[in-house]
Amino acid sequence: MAQVHLKNVVKKYGSLEVVHAINLDIEDGEFVVLVGPSGCGKSTTLRMIAGLEDISGGDIEIGDRVVNDLAPRDRNISMVFQNYALYPHMTVQENLGFSLKIAKFSQSEIDAAVQNAAEILSLTDLMDRKPGALSGGQRQRVAMGRAIVRHPDVFLFDEPLSNLDAKLRTQMRVEIKKLHQKVKSTIVYVTHDQIEAMTLADRIVIMRDGHIEQIGTPLDVFEHPVNTFVASFIGSPPMNFLEAQIDGGKIILQDGTALTMPAGYAANEGQKVTFGVRADNIMPQNHAMPAGNNMALVEMEVSLTEPLGTETLLFAELAGSEVQAKMLNPRPVQNGERLTFEISLDKCHIFDAQTGNALKAQ
Amino acid sequence: MKRFKMPPWLVLLLPAIIILSAVVLIPLVLSLYSSFTPYKLTRPESLYKWIGTFNYEKALGDTKFWAAFGRTILLLTIALNLEMLCGLGLALMVSKVTRGQRALRTAMMFPMMFSPILVGFQFKFIFNDNVGLVNNALQSLGITDMAIPWLVDGKLAMFAIIFAEMWTSTSVFAILILAGLFAIPQDPLEAAKVDGCTPIQSFRFVTLPFLMPFIYIAMAIRSLDVARAYDIVQIMTNGGPARRTELLWTLIGRTGYVDAKMGYANAMGYISIFLAIFFTIYFFRKLTAARAELGMGV
Ligand SMILES: Nc1ncnc2c1ncn2[C@@H]1O[C@H](COP(=O)(O)OP(=O)(O)O)[C@@H](O)[C@H]1O
Ligand SMILES: [Mg+2]
């Protein structure tokens, strides 16, 4: 069990800097998810924690030790790789027990630990097979098993579910969550899938281009994104953005539509802004929006509907931009139908149009 | 009545079959036949006298033959193992080189391009007891003041031959093992690091199993080579001193041409072929097992 601290950690490949002085403090037993688009430096960061990549600057601490110059084997970590990285010439049994064998545990201790891990991950029937004779999901479980037979200070996961089909992925997500509740170790988990991040994390770290954009609990980053990037990355469907200007205490959209301004932005009078609102907060009038909210009313033509079962996504156009709205308890809506929508102003976000940063309500 | 018609594939293959049998089969059959005769080069008519398995029985009872047989196996075992170890070391070092690796890989091939005859002369000079490089170097460095009889002493001569074999052919191992090193997936190696392996343990438990198929291929190729070794030995020691470096094929060559006993030489040759066949089968078995171990199928 250990905390992990990243202090101004930099990674350069030659002259190309791919991770820019990031700072991150991870509590003991915390489940932290690094999320961001492909190529943003998540794996690199994780591999620096693992010791598989040298760091070009800064310090990494695990527990109370600075581990900058320690080999992976001296860091007491386990890692699950994206493509599993099983030993193809060893059986499942040998794969699971390998780290303990290297650590010179007695055979009886190894057998007990391997048996235990195999039971947790339902691998008992596969023990004599080689990885080549396993399905993707089974390999994935072996990779997890290999990580949990030891009791490392920190578990590192690099997109462990991205090679699985959707159903298996959901299943394994639950397993990983359960596993964390059972072993209570510190976990650093990398994914590009925001749903995985939201469902698994105690705290989410959102990265872009080698920078950390925001760190917070899933609810925190969902409700208070610090900029348009986080706002569009977290949440599905992505947040709607409309270019606008604050004028005369109102939000004026590009086609002149005036929306009541949420409280607290009087100081930003005259500023060009990006008005952001999620599909959940745009609904047909008298539909299901909780009463008592501060509403703006707009009329829009529905161009497309996407029924999802319990809810339906409605695509419409507002002030020249496409927006997505949501409707619970679906009723038939025709394409081309004009509806009045309510926009919940208490749930909307206002960003600086230039920088994309969220404007703080005063 | 239907006339027999050859299937078209046979018709098409016929020219190839005829040429192949002329080129491959006839000499083989001829030499096989002559091994059942007392054929002597000096007496052509002896080719038509059938003496059954007499030559084979004679060879199997000939201590000189068995001594050469044993020495060939000894050379094969020592040379192959040393070449494997040196080739492995060389490949590991070259694989770590980042600059000029291409040039190094080409340079590694040079010894293989030399004719064995040339290699033989080269080492005959290097190990010469009077004017040889080795003795000169040892004497100038003051390590010894006597001339060491490299090619005259039986044990030292064998050593010199093994050295020459290694010089020419270590790169066969190095090149094949290098190809293996490039083909190794990186992930299991990283997993091994995280699982606590020291570099040596990573090598032992992950890299080496991956390399085994490549090593066995090199072994198979080289075992055929060494089982047929002739030219280098012929040049360096001519099987001497007093037959202490006599190998199967130098013995057979001597029997066939110097003693002119062609039939007998051919009989020994056919027995010796089993040695090559045995090693080939042995290493291919090993290869198949090593591949199955890696889940590569057969
Ligand atoms: N060995 C390398 N050499 C040069 N650039 C690399 C290397 N590995 C990764 N990069 C670059 O570093 C950036 C971050 O990569 P990575 O951490 O793998 O991203 P991801 O967030 O998808 O895991 C990418 O732009 C990638 O091209
Ligand atoms: Mg990655």
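Predicted model: local features only at pLDDT ≥ 70, side-chain atom pairs only at ≥ 80, totals over all residues.

How far apart do the C-alpha centres of domain 1 of chain A and domain 2 of chain A lie? They lie 39 Å apart.

- The domain assignment divides chain A into domain 1, residues 4–233, and domain 2, residues 240–352.
- Seven residues from domain 1 of chain A and five residues from domain 2 of chain A take part in the contact.
- About 580 Å² of area is buried between domain 1 of chain A and domain 2 of chain A; carbon and sulfur atoms give 67% of this area.
- The size of an interface is often expressed in this way, as the accessible area lost when the parts come together.
- Of the area that domain 1 of chain A buries against domain 2 of chain A, 64% is supplied by F222(A), T228(A) and A231(A), more than by any other three residues.

- An N or O atom in the side chain of Y13(A) is 3.3 Å from a nitrogen atom of ligand 1.
- Backbone atoms also approach the ligand: a polar backbone atom of G39(A) is 2.6 Å from an oxygen atom of ligand 1, and a backbone N or O atom of K42(A) is 2.9 Å from an oxygen atom of ligand 1.
- On its own, ligand 1 has 560 Å² of accessible area, of which the protein covers 58%.

**Backbone features**

- Most residues other than glycine have a negative phi, and most peptide bonds are trans.
- The peptide bond that joins S236(A) and P237(A) is cis, with omega about -5 degrees.
- P237(A) is placed in the loop between α8 (228–233) and β11 (240–247) of chain A.
- A21(A), a residue other than glycine, has a positive phi near 35 degrees.
- Strand β2 of chain A, residues 16–26, contains A21(A).

Terms used:
Residues numbered from 1 in each chain as written. Chains lettered and ligands numbered in written order. Heavy atoms only, no water. Polar contact = N/O pair within 3.5 Å; in protein donor to acceptor, adjacent residues only side chain to side chain. Areas by Shrake-Rupley, 256 points an atom, 1.4 Å probe, with all protein chains shown as cover. Domains from an automatic or database assignment. Contact = heavy atoms within 4.5 Å. Buried area = accessible area lost by both parts, 1.4 Å probe. Helix = DSSP H or I, 4+ residues; strand = E, 2+ residues; numbered from the N terminus.
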